Amino acid sequence: MRRTSTGKSGHRAPARDRPRTDLDGRYPEIPGFEKYMSSGIESNGGTSLLARARGLYRGRLRRLANGKATSVRGGAGSEASSTPVFFVTGLGKSGTRWLTKILDSHPEILCKGEGRFFSAGWHRADLGPENDRALASSLYYALEHSDHLRLWIERSVWSRNDDPDEHLKALMRLATDYFLTSQLSETDKILVGDKSPLQDEEFMREVSEVYPVAKVIHIIRDGRDRTVSSMHRGWRRANQGYLHRLTAEELARGEALREDPKKLVQTGEGMFKEERLRQAARHWRLLVGRAIQDGQALIGSNYTEVRYEDLLVRPNEEVERLLGFLGADADPKIVEHCVDSASFEKLSRGRERGEEDPSSFYRKGVAGDWRNHFTAEDSRSFKEEAGELLIQLGYEKDLDW
Amino acid sequence: MPVFTSHTAFEIARGVKAFLNLEAGLTCNGTPDLQVSRDKDEEISRLRAELARLRGAPRPVSSPTEEAPIFFLIGRSKSGTSWLMRLLNSHPEILCRGEGMFFEENTSRSLFWALSRSEGVQAWLARSPWTRQAPDEGLENMLGTFVSQAMRQRLEGVRKRTGTKKIVGDKSPFKSADTIRDIGTACPGAKVVHIIRDGRDVAVSSAHHRWNNATDVGGHRNLTPDQVAKREAYRSDPSAFLATGQSIFAEGHVAEIARNWNESVGGTVENAASLGENYHELRYEDLLAEPLVEVRRLLEFLGADSGDKLVRECVKAASFEQLSGGRAQGEEDSSSFYRKGIAGDWKNHFTTEDSRIFKEEAGKLLIRLGYEKNLDW
């Protein structure tokens with residue numbers, strides 16, 4: 001399809017400048033916003049609220065356009081310019097998807113995933129035609145491991161005097177920036193975020209090197225709950241055919257749990273094989289611990305954290321804070337709208353929080369569920385592997401639990 | 001001038017500005033007035049990089065000259081692209097280098113080839129939710145942003161030393177008509193200069209170029225003993241060799257060049273239509289005959305200063321005498337890249353058979369481009 005010289009059937013003209021031209025002087029109509037303002041929210045002062053929101057929207061768009069005039073093409077070099085790009089990260093099963101939905105329901109924010117831009121050290125080898133929906137290795141991995149590309153950089157008259165890694169970073173930044181903002185420009189929104197779960201320990205460092213002006217929201221959940229959630233996901237995926245990831249014994253425990261949710265704890269057998277639990281605890285300690293440390297040190301004021309548990313108990317307060325952090329409109333009505341459209345009831349299609357469906361991605365949606373599943377042995381193992389981080393994060397006061 | 005709007009950069013810039021104002025004995029009024037003068041701008045960049053280093057963060061890639069105009073100088077190889085590159089690069093406002101090897105997906109070692117051969121990149125483009133709707137377009141866009149960035153970044157480096165260069169161009173001879181199409185899709189808005197030369201002179205020049213790149217003189221091309229003998233015979237006495245009626249070309253070489261010239265040059269002229277005003281074509285022969293006129297036109301097209309004095313200096317800097325290290329135009333050195341530098345030399349070289357073959361493969365394009373009126377030559 002790339003072979004035709006002019007119009008590509010079905011494609012819009014491939015204009016790299018598209019994100020800019022849309023913002024260049026004229027401000028697009030915002031039908032989605034208007035519809036939402038007039039129907040989704042009860043009229044509180046009616047037109048004045050709409051007018052105010054619109055004024056804010058346009059003002060921000062104008063600022064964005066000004067920033068863009070000097071930014072997008074510049075690439076990694078122009079780190080002083082503003083960017084509409086942010087990342088939502090967190091270890092898997094910590095609420096990244098939930099938070100992504102909350103943010104995406106905001107009239108100014110486009111947020112989806114997973115782009116898999118970062119984590120150069122992370123790749124998957126089992127990409128076959130049979131799992132064509134599976135995500136590929138990260139873009140950074142792909143670029144770093146393209147020998148032809150590296151050779152080109154080392155030889156080209158335009159790059160051979162420089163450090164090839166700096167050029168790879170620039171290419172990463174340019175590609176990330178381009179792909180995110182070009183989709184953004186096709187919407188009425190002004191901020192764009194990718195849901196990028198933590199794949200390895202280097203995520204924050206890479207973002208700080210490649211994309212230092214992007215904002216990062218890190219969602220953190222009690223490691224014990226996310227481990228329970230993760231085990232359930234393992235069983236769900238086994239039902240979808242990914243049997244090789246679990247042992248026969250683990251599959252059997254999944255069956256037992258399904259028949260009688262309480263039995264495994266009562267017998268002391270538990271839902272986890274010890275090594276699986278220890279592995280999960282270590283994983284949580286290493287990745288979350290490092291992300292917190294690097295996020296604060298390397299990304300600084302562009303980095304913030306949010307707890308899954310806080311988002312549960314005081315969603316409006318937390319969402320308002322996050323919107324402020326991103327520079328989005330944090331009007332209480334809009335906050336309410338965001339929280340509501342990503343409520344557990346909506347995401348699970350009708351179940352109440354705590355009402356469990358093990359086969360659903362939105363399984364139970366509560367905090368502290370680990371208490372229903374951990375045996376004394378499980379607690380001891382987890383404590384040994386990650387007890388200190390639980391204390392550091394305030395989930396426990398000490399190791400006596 | 002950059003406008004600092006990012007939160008962090010903003011804070012740092014404000015801090016640095018306050019510092020500079022203090023130094024100058026001024027007071028900072030604290031308002032976020034971010035329009036700062038150029039030299040302070042540079043100072044701020046320096047301090048910011050220093051601050052980033054101190055914070056343990058890596059240094060940012062040096063800031064490229066954002067928004068600088070970009071152009072591509074293209075042409076079939078042996079058509080004068082290197083000559084024109086040197087000519088343009090001698091202009092104080094223009095940085096022109098080569099060869100970038102950016103385009104042509106099917107030409108090995110090009111950047112496009114490298115990216116499209118990366119299985120990881122292809123898999124990512126096909127599967128990422130941000131690109132999977134149009135992975136091919138994604139690849140072109142990666143290519144385009146990277147090309148522009150690499151060129152502008154180099155321009156920024158040179159500009160820091162010379163202070164005058166503000167337009168950047170890459171010279172890459174093309175292998176096919178894909179180059180101009182790739183430029184149009186990956187770098188829309190970039191200007192394209194296409195230099196065309198009579199295909200028969202291209203063929204003669206290519207024959208000498210092959211001889212110069214043979215393995216026995218340190219090159220990469222394998223010549224048969226026959227061809228080496230031919231080269232030596234020609235070089236010991238060119239007119240005697242030509243008088244024998246032998247062709248300088250190896251078996252099939254004329255046909256190969258004529259075919260490629262026909263396809264690549266003819267195709268490029270056709271594809272150029274989609275670039276509209278961003279396309280400028282010039283002839284090697286015109287550049288020889290009327291350099292001042294052609295160069296002025298070219299500089300106007302590129303948006304560079306085209307004053308008489310500059311035009312004359314550019315022409316002089318890239319004169320045949322300069323490039324060949326002192327030979328006069330027409331004075332041949334078969335072993336030099338700048339061999340002879342004239343138009344119509346094919347008449348001295350082509351045998352009747354060479355002409356017949358060339359006519360068959362590319363006779364119509366010669367007419368279309370005005371090099372001949374018909375096939376009776």
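Visitor: At what angle do helix H13 (residues 291–302) and helix H14 (residues 308–317) of chain B pack?

Guide: First, a caution: this is a predicted model, where local features need pLDDT of at least 70, side-chain atom pairs count only at pLDDT 80 or more, and totals for chains, interfaces and linings use all residues. Residues are numbered from 1 along each chain as its sequence is written, while chains are lettered from A and ligands numbered from 1 in the order in which they are written. Now the answer: H13(B) and H14(B) pack at about 115°, with their axes 9 Å apart. The axes are lines fitted to C-alpha atoms, for helices over the stretch in contact, and angles run from 0 to 180 degrees between N-to-C directions. Helices (H or I, at least four residues) and strands (E, at least two) are DSSP runs, numbered from the N terminus.

Visitor: Why is H13(B) called roughly perpendicular to H14(B)?

Guide: Angles of 65 to 115 degrees count as roughly perpendicular, under 35 as roughly parallel, over 145 as roughly antiparallel and the rest as oblique. The angle here is about 115°, so H13(B) is roughly perpendicular to H14(B).

Visitor: Which residues of H13(B) and H14(B) meet?

Guide: From H13(B) come B:Pro291, B:Leu292, B:Val295, B:Arg296 and B:Leu299. From H14(B) come B:Val311, B:Arg312, B:Cys314 and B:Val315. Contact requires C-beta atoms, placed from the backbone, within 7 Å. By class, this contact has 7 nonpolar, no polar and 2 charged residues. Ala, Val, Leu, Ile, Met, Phe, Trp, Tyr, Cys and Pro count as nonpolar, Asp, Glu, Lys and Arg as charged, and the others, Gly among them, as polar.

Visitor: What makes E2 and E5 the edges of the sheet in chain A?

Guide: The open sheet has 5 strands in the order E2-E3-E1-E4-E5, with parallel pairing. Strands E2 (109–113) and E5 (303–307) of chain A each have a single partner strand, so one side of each lacks a neighbour in the sheet. Two strands pair if DSSP finds at least two bridges between them. Neighbouring strands of this sheet are turned by 20° against each other on average, direction ignored.

Visitor: How do you know that E1 and E4 of chain A pair?

Guide: Strand E1 (residues 85–89) and strand E4 (residues 215–220) of chain A share 4 bridges, in the parallel sense.

Visitor: Why is A:Lys93 called buried?

Guide: A residue is buried if 20 or more other C-beta atoms lie within 10 Å of its own, exposed if 12 or fewer, and partly exposed in between; C-beta atoms are placed from the backbone. A:Lys93 has 23, so it is buried. A:Lys93 sits in the loop between E1 and helix H4 (96–104) of chain A. A:Lys93 also has a positive phi of about 65°.

Visitor: What makes A:Ser119 buried?

Guide: A:Ser119 has 21 other C-beta atoms within 10 Å, so A:Ser119 is buried. Its phi is positive too, near 75°.

Visitor: Where is a cis peptide bond in chain A?

Guide: A cis bond joins A:Gly113 and A:Glu114, with omega about 5°. Most peptide bonds are trans.

Methods
Contact = placed C-beta atoms within 7 Å.
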